[in-house]
Amino acid sequence: RACLQREMQNASEQPSAWFQLANATEALCRHFALNDLSPLGLSDEYKAGASAAGALMRYLSETQKNALEHMTSLRIYQGSETMLLDRNTRRNLELTESIRGRSRKGSLLWLLDKTSTAMGGRLLRAWVERPLLSPVQIRRRLGAVEELVGDNVLRGELIRCLREIGDMQRLVSRAVYGSANGRDLHALALCCAQLPNLTALLKDVHSAALRDIAQMDTLADLCARIDRAICDEPPFSVREGGFIRKGFNAEVDRLHEILSGGKGLLADIETREKEKTGIRTLKIGYNKVFGYYIEVSNSFKDQVPDHYIRKQTLVSSERYFTRELKDLSLIHI
């Protein structure tokens with residue numbers, strides 16, 4: 001009872017209507033663009049599962065406030081696949097923490113964990129907390145372990161390769177939810193760059209689990225796109241700008257030129273306006289109050305085009321702006 005109370009403290013109650021089968025079905029069909037739940041494998045025998053999945057989808061939509069397009073399928077979890085261990089059982093077996101001090105040291109996970117990546121550490125923890133029950137799946141996993149234990153050279157090469165791979169799961173999550181910055185994307189590209197090395201090392205393996213890894217998508221297209229788009233040393237914050245590689249997008253390059261001073265662009269505009277108006281003393285300036293402006297000496301006021309809009313009158317000159325300069329000023333701000 002005390003254990004249940006502790007678990008409930010971390011739970012948040014949601015409207016019961018979310019769990020009604022009709023509403024849950026509607027939420028799932030809307031997200032996956034389906035007419036019914038059969039493509040998801042949710043037949044009539046999984047009504048409770050469909051209700052839970054629909055409520056969860058509704059919860060994600062309400063709380064994340066982000067597009068969930070990356071969720072393209074459902075996997076039905078069978079209770080018969082893994083051993084169900086309650087909190088007290090996990091604690092008494094000291095699977096992930098010791099009874100004394102409740103620290104990781106001294107637990108089964110602490111003894112077994114020799115993983116080289118954060119992703120591997122999380123996966124191993126999940127395996128320890130939910131032991132397999134299926135003899136087929138157990139043999140499949142042990143077959144991969146046996147092959148790696150028996151090949152010291154391959155195992156060593158894999159360890160070195162994996163140590164070069166960062167936490168791709170976290171990086172992808174940040175990208176999906178729109179919180180990734182330039183450094184995250186650059187780190188993701190570095191992770192992707194190691195995947196061909198990983199699959200190459202596994203090209204001659206025999207166990208089914210390792211063969212599946214060897215056939216994985218190495219995301220070469222994603223890696224190449226990030227490399228083309230993101231500079232080698234992007235700033236920490238997106239707000240700082242400057243993380244898009246020059247030459248990736250012409251419009252971004254043009255705007256960046258404006259923000260960094262735009263001397264070349266302004267010189268072109270000034271030259272063009274001199275040629276069109278015949279005002280040889282025309283010059284373009286900038287201040288924080290008005291933004292960009294065209295200054296014309298009083299001796300040439302009669303030659304000012306009608307589309308110039310007077311901005312300021314000085315002793316010996318007039319200042320004007322045009323729609324083009326006004327747009328540039330807004331970008332500069």
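A salt bridge is a side-chain nitrogen of Lys or Arg within 4 Å of a carboxyl oxygen of Asp or Glu. The views below come from a predicted model, where local features need pLDDT of at least 70, side-chain atom pairs count only at pLDDT 80 or more, and totals for chains, interfaces and linings use all residues. Residues are numbered from 1 along each chain as its sequence is written, and side-chain values use heavy atoms, leaving out hydrogens and water.

View 1. W110 belongs to helix 5, residues 108-112 (a DSSP run of H or I, at least four residues). With a relative accessible area of 39%, W110 is partly exposed (between buried, under 20%, and exposed, over 50%; 1.4 Å probe, protein chains only).

**View 2. E147, a buried residue without a salt bridge.** You can find E147 in helix 7, residues 135-149. The nearest side chain of opposite charge, R211, is 6.8 Å away (Lys and Arg count as positive, Asp and Glu as negative; His and the chain ends are not counted). Beyond neighbours within four places in sequence, E147 is in contact with V205, H206, S207 and L210 (heavy atoms within 4.5 Å).

**View 3. C223 and the cysteine sulfur closest to it.** C223 is buried, at 11% relative accessible area. Its sulfur lies 5.6 Å from that of C192, too far for a bond. The structure holds zero disulfides (pairs of cysteine sulfur atoms within 2.5 Å).

Methods: Helices (H or I, at least four residues) and strands (E, at least two) are DSSP runs, numbered from the N terminus.
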